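Colleague: Thanks for making time for this one. Could we go through the fold together, starting with its overall dimensions?

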Amino acid sequence: KAVADKIPGAKECSVLDIGGLYTNLIIIHSGNISEIVSFPSGGHHFTKSLSNETGLEIGHSNQLKKQYASGITNEKETIKIANIFIGESAEWEKKFVDSLSGVSATDFFPKLMYMVGGGAQIPEIKNALETKRWVAHVLSIGEIVITMLGAEDILSKGELGAVLKGPDEIGLASLIINSVDNLT
């Protein structure tokens, strides 16, 4: 709801929230949520695979995953993590495609998709989405544009907009926006 209210042109879009344990696809038509589908795979699954393959504790693996997603790991770490995440992203993509069978077959999929959540920054998930093999499983007219959205994109330039940033904090920003809207 916050995305549809705060982003120009987002009255017809989908929001792919790649959280820790789940990924949620939210379809917005005419500014309202029309459909939500979920599947059990998110950023934590990538962290867990990294932990299992490297023997690092989960907390350290999570930090390493964030560094990798930010592009600040060394070459050796980058290659190792990429190899682990390629396999995990194939599983994620399969679950994503399977979840699309729940999307209404009579509605056209919106041309605009926003990626949010902590997993949105994982390069292998971005690559899986950008190859657009999944598009064959939805009704669409034309090209689907995929854009990453951060908290700063939906918050006003005020105090919170300076504090909350990135796709991993958009959920909190949305809660704040929706809570304020409900109070007024």
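Colleague: What radius of gyration does the protein chain have, against that of a compact globule?

Modeller: This is a predicted model, where local features need pLDDT of at least 70, side-chain atom pairs count only at pLDDT 80 or more, and totals for chains, interfaces and linings use all residues. Residues are numbered from 1 along each chain as its sequence is written, and side-chain values use heavy atoms, with hydrogens and water left out. The radius is taken over C-alpha atoms, and the globule rule is 2.2 Å times the number of residues to the power 0.38. For 184 residues that rule gives a value near 16 Å, so the chain agrees with it at 17 Å.

Colleague: Happy with that. How many helices and strands are there?

Modeller: Both are DSSP runs numbered from the N terminus: helices are H or I with at least four residues, strands E with at least two. Along the sequence they follow α-β-β-β-α-α-α-β-α-β-α-α-α. The count is 8 helices and 5 strands.

Colleague: Which parts does the pair of Phe 46 and Phe 85 tie together?

Modeller: Rings of Phe, Tyr and Trp (its six-membered ring) pair if their centres lie within 6.5 Å; planes under 30 degrees apart are stacked, over 60 edge-to-face, the rest tilted. By this rule there are 7 aromatic pairs. Phe 46 and Phe 85 are edge-to-face, at 5.2 Å between centres and 90° between planes. Phe 46 lies in residues 43-54 and Phe 85 in residues 75-99, so the pair ties together parts 39 residues apart in sequence, helix α2 and helix α4.
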